[in-house]
Amino acid sequence: MVNGKVIRGGGFLVIVGSYIWLDQTFTNNVVNKAKTVYGGLIGGGLGSMYNACSSDSDTLKKLTSVSLVEKPHSDLKYSFYSIDNPKEYLDGSNANVIEKGPYALRKYSVAHEVAQTPSSLTSASSPDPNGNLEYSTANVYLVLDRDVASTSNMERNADLSLTFSDTKMILPTAKRALASHLSMNDSIVNLSPDYLSFLGVVNDEVNMILSLKCTSEQITNIGSGKSQCTDNELGDFTASNCACCMMDDDFELAKSRNTGTPPPFTNCNSYFDDEGPIMSMLSLLASHDGGVAIKSAGEKKYDRSGNNFSSTIYGQTQIHTALIQSHSVNDLMFGFPSAYLGRVAFLSQIEYAKRSLSSAFGKTELAKRMLTGQVDEDLPFKLGNAARYTSQVGSVCFSACEDGGGCSGYAPGRHETTNVDKIKLGGINCKPYTTTFDTIAKCKAVDAALQINPNADGFEMCHCADGSDDWTNKGCCLASGMHNHNDLSGQGCLFEVAGIVDPNYAGLDMSIAGAIDLGTALQTWIDKEVSEPSAEFLCPAAGLEIDEHAKFGHYDSFAGSDEHITYYHTGNDRIRQDDVSSAESKAHTTAVSGSSGKYFQPKGLFVKVGTSQISDGYPMKIPHPVYVPDAKRSVDFVFEGVREKFVRNKICGTDTCVVSARLKPTATTFHKSGDTDGAGLPYDGLQPVGHVKGPSDSGRPEYLHQPLFFDGDEKLYSQEDCTYVERGDGNGIKIYRPKSDGDPGAFDESASESTYQLVEKSYVDQNSDDFQSHIDIEVATGLGARQRMRFGTSYSIWECNPTSHNKCSLAVGSKGQNECYASAGSSAFDGLGVLDKNDLTTLGRNNFTYPCSAANLITPRVVAGKILPMYWFEESTIHATTGEIDALADIAASYSKAGNVMIRVFAFFTIGMFLGFSMLFLCLCFEKKHSFMNSETPSAPATKTETTNA
């Protein structure tokens with residue numbers, strides 16, 4: 001018979017054993033495993049498992065890698081906007097703006113000048129010396145208009161320096177990504193940003209033309225009663241007590257009062273004669289730069305003489321403007337020469353150069369200093385080393401020129417040469433070099449005249465600004481010279497217009513047929529481009545859930561500074577020429593902050609044991625700031641929300657995927673909010689960035705926004721309101737884009753079955769996934785897995801309100817010939833004396849009006865302030881490597897395995913507890929009542945005894 005005590009003891013042992021087994025399994029496979037996983041994901045309390053505190057960390061190796069085969073590249077797509085009807089737009093009609101593209105590039109970036117430095121973002125009492133990863137970035141671009149093979153020869157040394165070896169690595173071929181109907185030579189017609197920069201310096205076209213003859217003080221003296229400057233005084237900044245000229249109304253009024261005898265002044269309008277030397281020069285240079293034609297022979301002249309235009313002194317029968325130009329996609333992306341700015345910006349700033357120099361220099365020496373960039377610091381529009389740049393352009397464009405025919409065609413492509421200076425200029429349009437090529441004939445004529453008579457009147461020897469004698473063979477940027485009384489100073493000079501992308505040094509690799517040498521390109525960038533170091537915070541202080549962990553992966557500084565001016569706040573509706581210099585302006589400075597997009601604050605482990613993931617895919621409910629370099633500020637990204645049917649976003653490794661979260665910009669990105677970003681604009685959805693962009697001190701009207709004004713004001717899609725310039729509605733914009741990826745053909749607004757889609761806000765909202773930026777992150781670790789950053793850039797024409805811009809009053813039209821600012825004109829007329837008003841009325845000059853923008857002479861009807869899109873881009877980068885995703889999947893698998901072990905143990909525990917308690921309670925309750933507790937042998941029956949009484 002089994003003893004009941006033994007059974008009860010066995011049951012008790014089963015219960016206790018099961019409990020101990022469960023407890024140990026729970027501790028080891030749940031608690032300790034969860035602690036291990038959680039601690040790993042947040043880097044042992046250092047912010048993230050991707051911290052770079054150790055000098056041999058995988059993160060440091062990844063971020064400083066120069067293996068272009070392994071490290072992430074970026075794929076870029078640019079879509080440009082071309083004005084289909086520029087002449088009509090500049091004449092006051094709506095602009096038909098056509099989207100072209102996308103044009104595809106691949107960008108490779110490497111870090112150089114790498115160092116680990118302490119960070120200002122930590123509050124640790126003893127900051128880690130490796131808190132920041134500091135570096136400068138070098139970029140190179142492959143144009144994907146064909147299949148491209150490429151090589152690299154970079155190596156990273158132990159001290160983080162770079163070496164360029166003789167051994168080359170061949171990268172996988174990058175496939176063509178450009179549609180068959182697109183080409184890098186496609187023409188884009190739009191506003192010229194650098195011309196807008198220059199126009200901001202001179203205020204407007206009228207003042208710009210006058211500045212070619214007079215100093216700023218002499219222009220200010222117009223109408224002041226001061227005498228006319230003599231020929232010798234014009235342009236002499238020491239002659240500050242005379243006037244440049246007399247305004248047309250004053251000139252005609254004085255003439256009428258003097259029985260038809262002109263006053264002893266130059267009529268300012270004489271400088272505006274289409275057939276005169278100044279206007280002829282401006283039109284010729286604008287045409288070299290691709291400026292559109294806005295007037296033809298037979299139309300009225302700009303000088304308001306009433307005469308018709310016939311031709312310029314150079315034989316042009318059309319007048320061209322530099323305001324809107326046509327350029328190839330290649331030129332817009334990577335830069336191109338400007339003949340207009342090379343000469344006109346030089347001539348208009350001679351006064352500034354003279355004022356800045358403590359010693360007086362001769363004309364030639366002064367020009368040399370200006371044209372080699374030596375006085376740029378004192379010039380409001382920076383010329384750079386125009387002399388050297390002109391010579392470089394000549395090295396690729398001289399062969400495209402013909403005597404008497406100018407220059408045409410394109411320079412050799414980047415993939416056709418190994419010369420780094422020629423590579424940078426690969427594929428540019430050579431037409432601007434025509435002005436340089438012309439110096440050969442002119443200077444040879446000068447030389448011939450001086451050979452005959454060294455003192456020949458109206459001739460002076462040519463001098464190249466770079467000190468060479470290139471005028472004898474290929475032409476040059478002239479510092480001085482005179483041909484038949486025509487001053488040649490600045491002739492032939494080319495200004496370098498920067499591209500919207502970067503300089504590109506990706507040229508031919510001679511060792512492998514048809515390949516691009518990326519290593520040499522990056523080495524050239526490092527040697528030639530200015531370093532602008534940035535620093536990322538990758539080693540926070542140790543601890544759990546401390547504040548600075550939220551800044552893991554954030555920039556501590558960017559492009560050489562820990563703060564940047566984003567714009568100047570004035571409270572005005574639009575950017576103005578004097579915003580930067582005005583005492584009433586307030587510089588809006590923004591501290592560098594936000595993630596680089598590669599790393600974010602980790603959430604850690606927030607899923608139950610046994611699941612196959614380490615994250616539920618839901619990030620922390622906080623804004624995630626991401627630094628946007630084009631905006632010089634961060635933009636808040638937030639979780640997109642739960643998708644339909646709870647479909648999760650995923651990122652995949654070799655054969656396993658992990659859950660991720662998609663972040664998108666907030667719906668109020670670039671919206672006005674009092675005195676903060678976006679203020680000073682009439683629309684939501686735009687960030688003013690132009691105050692600190694371009695080659696001038698005054699900036700330009702440039703705005704950043706999401707593509708196609710996504711999340712912006714609906715008014716941006718039409719912009720026909722012109723009340724702010726006191727003009728009837730119109731001169732707005734209509735944006736069109738192809739309906740399909742195929743060739744849409746030529747745009748035809750009147751076509752009944754158009755292949756183009758008119759872009760309206762409803763269309764953009766319905767297709768938001770095509771235009772909105774997004775970043776996919778692995779929530780637990782904060783790893784930025786992949787991103788698509790999408791932003792657009794637009795420009796507008798400067799305002800020229802005579803009420804707020806006194807210089808703009810010089811463009812007044814007294815016969816009602818202009819269309820804007822009638823109330824300002826009435827006030828100006830009413831402010832005149834009675835006699836002047838009566839006499840002007842008699843002359844029919846009593847209806848004062850003004851042009852509608854700072855383009856106030858050549859195109860007076862175009863309205864300022866309309867936001868014209870120039871381009872938008874998408875930059876796609878996969879930051880996470882396959883190995884990193886596989887590692888996360890392994891962690892998830894390990895965590896899941898531990899949970900599964902726990903589940904099985906719990907099942908056995910349940911069974912064991914049932915048996916144990918059954919054994920225990922059955923013994924206690926039924927020990928004397930159940931025969932199965934004893935022997936199964938039946939007991940013998942009792943014997944009955946009877947007793948008998950005697």
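Is Lys-168 buried, partly exposed or exposed? Lys-168 is partly exposed, with a relative accessible area of 32%. Keep in mind that this is a predicted model.

Let me start with salt bridges. Side chains of opposite charge can pair when their charged atoms come close. The structure holds 40 salt bridges. I will go through some of them.

Lys-168 is in one, and its partner is Asp-517, with 3.2 Å from N to O. Asp-517 sits in strand E17, residues 515-517, while Lys-168 sits in strand E5, residues 162-174, so the pair ties together parts that are 349 residues apart in sequence. The cut-off for buried is under 20%.

Next is Lys-382, which forms a salt bridge with Asp-697; the closest N and O atoms are 3.4 Å apart. Here the partners are in loops: Lys-382 lies between H12 and H13, and Asp-697 lies between strand E26 (687-688) and strand E27 (702-705), so this pair ties together parts that are 315 residues apart in sequence. Lys-382 is partly exposed at a relative accessible area of 23%. Asp-697 is partly exposed as well, at 42%.

The next pair is Glu-874 and Arg-790, with the closest N and O atoms of this salt bridge 2.8 Å apart. Glu-874 belongs to strand E32, residues 868-878, and Arg-790 to strand E31, residues 783-795, so parts 84 residues apart in sequence are tied together. Both Glu-874 and Arg-790 are buried. There is also a network: Asp-91, Arg-727, Glu-819 and Arg-861 are joined into one by salt bridges that share partners.

Now the helices. Which residues of helix H12 are buried? In H12, which spans residues 363-371, they are Leu-366, Ala-367, Met-370 and Leu-371. Looking down the axis of H12, you see these buried residues within an arc of 120°, so they line one face of the helix. What do they pack against? The buried residues of H12 pack against helix H10 (339-347), helix H11 (350-356), helix H13 (386-397) and strand E13 (478-483). After H12 comes Gly-373, which has a positive phi, near 80°.

H10 also meets helix H8. Two packed helices are described by the angle between their axes and the distance between the axes. For H8 (residues 277-288) and H10, the axes come within 7 Å and cross at roughly 145°. On the H8 side, the contact is made by Met-281, Leu-282, Leu-285, Ala-286 and His-288; on the H10 side, by Ala-339, Tyr-340, Arg-343, Val-344 and Leu-347. Sorted by class, this contact has eight nonpolar residues, one polar and one charged.

Last, a sheet. Strands of a sheet pair through backbone hydrogen bonds, either parallel or antiparallel. In this one, three strands form an open sheet in the order E6-E8-E7, and the pairing is antiparallel. Which strands are at the edges? They are E6 (187-191) and E7 (291-296), each pairing on one side only. On average, neighbouring strands of this sheet are turned by 40° against each other, direction ignored.

E7 and E8, the latter covering residues 318-328, pair over four bridges in the antiparallel sense. If you want to find the pairing in the structure, look at Ser-296, whose bridge partner in E8 is Gln-318.

Key:
Residues numbered from 1 in each chain as written. Predicted model: local features only at pLDDT ≥ 70, side-chain atom pairs only at ≥ 80, totals over all residues. Heavy atoms only, no water. Buried < 20%, exposed > 50% of the residue type's maximum accessible area, 1.4 Å probe, protein only. Helix = DSSP H or I, 4+ residues; strand = E, 2+ residues; numbered from the N terminus. Arc of directions from axis to C-beta. Contact = heavy atoms within 4.5 Å. Axes fitted to C-alpha atoms, helices over the stretch in contact; angles between N-to-C directions. Nonpolar A, V, L, I, M, F, W, Y, C, P; charged D, E, K, R; others polar. Salt bridge = Lys/Arg side-chain N within 4 Å of Asp/Glu carboxyl O. Pairing = 2+ DSSP bridges.
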